[in-house]
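I opened my notebook to work through this structure one item at a time. Each entry says what I looked up and what I found.

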Amino acid sequence: MTTSVATSAAGSPPWWAGNARLVDLSGRLLGAHVAHAGLIVLWAGLITLFEVSRLDVARPLYEQGFILLPNLARLGYGLGDGGLIVDSHPYFVVGAVHLISSAFLGFGGIFHTLKGPEILGGSYAYDWNDGDKMTQILGSHLVLLGGGALLLVAKAMFLGGLYDPLTQSVHTVSPNTNPAEIFGYLFAGKFWLAGVDNLQDVVGGHLYIGIVLIAGGLWHISTQPTAWVKQLFIFSGEAYLAYSLGALSLMAFVATLFVSVNSLVFPTEFFGPTLTIEFDRVPYFVSTSPVDGYSSREWLANAHFWLGFFFLQGHLWHALRSAGFDFGQGQVTQNVGGRVAAPAEQVAISQLKA
C-alpha cells in the first residue's frame, strides 16, 4: 500500500498535498527534505543573531523573551562566575555558522528539486514497500542520532564542559557509567526522567543512549526485518510518516515535562522559575514565581506541549490512513496489504460502527 492523494484536473496532485506529491519521486523528495533542513538551520541562525542584537547582559535571559540563547548558555558558552554572561561573541559565531550552513543546505535542496534526477538510482534507490531497504535507512538515522548524543558527552568531558547550576560554574563533567543508576530513571517517581538531579547522570545517560542508538543503527543496517516484523508493521510512505510523527509527539511531551520542572538541565538562571500546570478551558503551563511577562521556560513548555498535541493528531490521522481507513467514507476500505475490502467486509465494518 502506498500513500495516495487527490489529483488535480491535470492529473497531478494539488500544491496543498505538500510532500505527498513527491512520494514516488525519491530525488525530488530528497530535495524537499534538504530544503526543509536548510529552513530550520536558517531559522536557528536568524533567531540567534536577533537575540544577540537585543541582548542586555544586565537582565536575566528569561526576562528578555529569549528561547535560543538560554540553551547556548546552559552549554557553558560566554559565561563567567555565577552564570553571568561575560561574552556574547560565541553566540554570534553560532548564529553565523548556522546561516552559512543554511546556504549550503538551501543550494542542495534547490539542486535536487530542479536539476537532480527525479528518482534516485543505484545504492540510493528505494521503494517504500521494501522493508529491507527501509531498515537500512532507519539504521542510518539511528547512527546519526547516536552521534548527536555523543557530541553532548564530548562537550561535557573535553570541550569546555557544561554550566552546573549546583555550583554556578562551568566545568567538565565525567559521566556516571553505572547502568543501574542511569536506567533506574526509567522507573523513577514523580517526574520520571525529568527527576535527574546531577550532571554526571545527564552525561551518563547521553553516553548510554548514544551507544545504544549507534549499536541499534548498525544492527538495522546489517540485517533485514524478520517475517513477524513484516507482519507487525505497515511498510508504506504514509506509515513511516505516522511513525515519525508519533515519535516526535512523544519527544515533545517529554521535553515539556523536562523544561517545566527540571532546574538542572534548564537552569532557573537562564529559563526562569519552574512551572505548574493550570486549566482555563485548555491546559497551559505557568510560572510558580512572579516574572515580568512570560519567561523563557513558559514559552518553551507551552510551545512543546501544543506541538506534541498536534503531532499526535497527525500521527493518528496518518496511522489510520496507512491502515486503510478512508476518512471520506468513514470506514476501512483496504487492509494493510492494500487489498480493497470485499462488500461483505464493508457491511460488517458498517455494522460494527453502528
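**Entry 1: a salt bridge.** This is a predicted model. I began with Arg-321, which forms a salt bridge with Glu-238. The closest N and O atoms are 2.9 Å apart. Where do the two residues lie? Arg-321 lies in helix H10 and Glu-238 in helix H8, so the pair ties together parts that are 83 residues apart in sequence. Arg-321 has 22% relative accessibility and counts as partly exposed. Glu-238 is at 6%, so I wrote it down as buried.

**Entry 2: the other bridge.** How many salt bridges does a search of the whole structure find? It finds two. Asp-132 forms one with Lys-230, and here the closest N and O atoms are 3.7 Å apart. This pair also links distant parts of the chain. Asp-132 is in helix H4, Lys-230 is in helix H7 (residues 227-232), and 98 residues separate them. Asp-132 is partly exposed, with a relative accessible area of 21%. Lys-230 is partly exposed too, at 40%.

**Entry 3: the whole chain.** I stepped back for the totals. The chain has 11 helices and six strands. It holds 354 residues, and buried residues make up 35% of them. I looked up contacts between residues at least 6 apart in sequence. Of these, 62% join residues at least 24 apart. The accessible surface comes to about 19900 Å². Carbon and sulfur atoms account for 67% of that surface.

Entry 4: In soluble globular proteins, nonpolar side chains tend to be buried together. Which residues have the most contacts inside the largest nonpolar core? They are Leu-61, Leu-69, Leu-79, Tyr-91, Phe-258 and Phe-270, in a core of 35 residues. Several elements each supply at least two residues of this core, among them helix H2 (69-74), strand S1 (162-164) and helix H9 (268-271). Helices H4, H6, H8 and H10 are also on that list.

**Entry 5: helix H3.** Tyr-91 turned up again here, as one of the buried residues of H3. What do the buried residues of H3 pack against? They pack against H1 and H2. H3 covers residues 89-114, which is 26 residues. It reaches 38 Å from its first C-alpha to its last, close to the 38 Å expected at 1.5 Å a residue.

**Entry 6: helix H6.** The buried residues of H6 include Leu-199, Asp-201, Tyr-208, Gly-217 and His-220. What covers them? The cover includes H4, S1 and H5.

**Entry 7: Ser-26.** Is Ser-26 buried or exposed? Ser-26 is buried, because its relative accessible area of 6% is under the 20% cut-off. Ser-26 lies in helix H1 (residues 26-53). Leaving aside neighbours within four places in sequence, Ser-26 is in contact with Glu-118, Ile-119, Leu-120 and Tyr-126.

**Entry 8: a surface patch.** Phe-183, Leu-186, Phe-187, Trp-192, Ile-209 and Val-212 make a nonpolar surface patch of about 600 Å². Leu-186 sits in the loop between helix H5 (179-184) and H6. At 41% relative accessibility, Leu-186 counts as partly exposed. Trp-192 lies in the loop between H5 and H6. Trp-192 is partly exposed, at 34%.

**Entry 9: positive phi.** Most residues other than glycine have a negative phi. Trp-192 has a positive phi of about 55°, although it is not a glycine. I noted Gln-168 as well, where phi is near 55°, again positive in a residue other than glycine. Gln-168 lies in the loop between S1 and strand S2 (169-171). Its relative accessible area is 40%, so Gln-168 is partly exposed.

Key. Residues numbered from 1 in each chain as written. Predicted model: local features only at pLDDT ≥ 70, side-chain atom pairs only at ≥ 80, totals over all residues. Heavy atoms only, no water. Core = buried A, V, L, I, M, F, W, Y, C linked by side-chain atoms within 4.5 Å. Buried < 20%, exposed > 50% of the residue type's maximum accessible area, 1.4 Å probe, protein only. Helix = DSSP H or I, 4+ residues; strand = E, 2+ residues; numbered from the N terminus. Salt bridge = Lys/Arg side-chain N within 4 Å of Asp/Glu carboxyl O. Patch = residues over 30% accessible without salt bridge, like charges linked within 9 Å, V, L, I, M, F, W, Y side chains within 5 Å. Areas by Shrake-Rupley, 256 points an atom, 1.4 Å probe, with all protein chains shown as cover. Contact = heavy atoms within 4.5 Å. Expected span 1.5 Å × (residues − 1).
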